[in-house]
Amino acid sequence: MPIIKADKYPLDPYLRTERLPHVWCPGCGLGIVLNAFLRAMQKLGMDPDKTVVVSGIGCTGRTAGYVKMDSFHTTHGRAIPFALGIKAARPDLNVVVFSGDGDLFSIGGNHIIHAARRNIDITVIAVNNFIYGMTGGQLAPTTPETSITTTSPYGNLESPFNMAGLMAIAGASYVARWTTVHARRLEKGLEKALSKRGFSFVEVMSPCPTAFGRRNKMKGIIDSMMYYQKYAIIKDNPNPLDGVIKPNEKFVIGEFMDAEDEPTFDDKLWELTKRDFLETSQADRAKWILEHRRHLETLATLIAGENIAPQEGEMDE
Ligand SMILES: Cc1ncc(C[n+]2csc(CCOP(=O)(O)OP(=O)(O)O)c2C)c(N)n1
Ligand code: SF4
Ligand SMILES: [Mg+2]
């Protein structure tokens with residue numbers, strides 16, 4: 001059969017192709033997750049110049065280096081506060097965190113629960129491969145009980161986090177969990193998450209044959225895929241508390257939360273800013289506007305909508 005050489009790939013506009021081939025192992029699920037994310041962006045017509053990707057450290061964290069948009073490979077566990085800083089400074093940008101289970105829920109655990117609680121308008125894609133992949137397979141806060149890792153050679157004794165459940169209960173506006181076998185549903189879920197206002201979170205169960213699978217009877221990629229196929233049950237509006245994952249038992253995937261119009265942290269901040277403006281004397285409004293010029297664009301909308309434009313002469317200085 002002739003070998004067809006492809007010169008172009010449909011997702012090229014979103015990839016730094018000059019950095020390929022990537023560092024991920026054969027059989028790693030990360031390519032599927034990245035593909036689903038970029039396809040979702042493409043489907044939504046999202047402008048890469050208006051999108052920022054932030055990753056922490058780990059195999060998943062390498063994603064930031066492959067996407068052709070402003071992207072940041074930050075310190076381990078600090079992807080969320082870094083992303084919040086970007087969103088606070090530039091609320092007009094789409095801010096996406098793409099990082100690993102260890103990075104987001106171990107060292108970064110404190111940050112992520114508070115970002116969900118505050119309903120900050122960012123999207124988090126959390127790749128759950130049950131392990132610290134890059135550093136050689138240490139126990140993660142998501143490792144299922146009894147699993148073998150380099151730091152639990154007799155089997156994990158700890159209960160793992162139910163990441164999707166935790167995010168839903170903490171206050172996220174949108175929470176879903178899919179696996180790399182459910183690639184189409186994953187893509188749709190990411191489309192929804194990227195379009196949602198407020199904190200949106202998508203957990204993706206993804207194989208790591210190198211650091212997790214080969215120690216836990218999922219040596220090859222097919223074993224992991226068969227595992228997801230066999231044990232995943234798709235449920236409509238599952239109870240977040242039912243999101244616990246136990247080895248060799250059925251686990252729930254689907255949309256755990258899809259809240260309607262929950263005010264975001266930004267909305268509340270804006271209400272406060274607006275009140276501050278309205279309480280400012282007529283004479284001081286121009287000065288106030290100059291001081292708050294970072295929000296001028298939003299302010300223009302407010303002025304148009306609520307007719308509180310500065311009076312003649314106020315903008316002269
Ligand atoms: C402050 C700090 N602590 C520890 C590390 C070592 N480290 C690098 S990656 C990593 C684990 C990453 O695991 P995860 O986020 O699940 O990503 P994966 O490699 O599995 O995709 C750790 C502990 C580090 N780089 N910085
Ligand atoms: S170690 Fe695991 S997570 Fe990292 S690239 Fe290899 S298979 Fe993927
Ligand atoms: Mg991991």
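Modeller: Before the ligand shells, a word on classes: Ala, Val, Leu, Ile, Met, Phe, Trp, Tyr, Cys and Pro count as nonpolar, Asp, Glu, Lys and Arg as charged, and the others, Gly among them, as polar. Keep in mind too that this is a predicted model.

On that scheme, the shell around ligand 1 splits into 7 nonpolar, 8 polar and 2 charged residues. There are 17 residues around ligand 1, and the ones that come nearest are Gly 58, Gly 100, Gly 102, Asp 103 and Gly 133. As for where the shell comes from, helix H4 (101-107) and strand S5 (131-132) each supply at least two of its residues. H4 gives the largest share, with 3 residues.

Now for ligand 2. Its shell has 9 nonpolar and 3 polar residues, and no charged ones. The surrounding residues include the cysteines Cys 25, Cys 28, Cys 59 and Cys 208. Trp 24, Leu 30, Met 134, Pro 209 and Ala 211 are also around ligand 2, and so are Asn 129, Gly 133 and Thr 210. Notice that Gly 133 turns up here, having already been listed among the residues that come nearest to ligand 1.

From there, on to the helix H1 (30-44).

H1 itself packs against helix H7 (residues 183-195) at an angle of about 55°, with the axes 8 Å apart. That makes H1 oblique to H7, and the crossing is right-handed. On the H1 side the contact is made by Ile 32, Ala 36, Phe 37, Arg 39, Ala 40, Met 41, Lys 43 and Leu 44, while H7 brings Ala 183, Leu 186, Glu 187, Leu 190, Glu 191, Leu 194 and Ser 195. By class, those contact residues are 10 nonpolar, 1 polar and 4 charged.

Lys 217 isn't a glycine, yet it has a positive phi of about 60°. Lys 217 sits in the loop between strand S8 (200-205) and helix H8 (221-231), and it counts as exposed because 12 other C-beta atoms lie within 10 Å. Asp 261, also not a glycine, has a positive phi of about 45°. Its place is the loop between strand S10 (251-258) and helix H9 (265-279). With 9 other C-beta atoms within 10 Å, Asp 261 is exposed.

Technical notes:
Residues numbered from 1 in each chain as written. Chains lettered and ligands numbered in written order. Predicted model: local features only at pLDDT ≥ 70, side-chain atom pairs only at ≥ 80, totals over all residues. Near = placed C-beta within 6 Å. Helix = DSSP H or I, 4+ residues; strand = E, 2+ residues; numbered from the N terminus. Buried ≥ 20, exposed ≤ 12 C-beta atoms within 10 Å, placed from the backbone. Axes fitted to C-alpha atoms, helices over the stretch in contact; angles between N-to-C directions. Parallel < 35°, antiparallel > 145°, perpendicular 65-115°, else oblique. Left-handed = near helix turned anticlockwise from the far one by under 90°. Contact = placed C-beta atoms within 7 Å.
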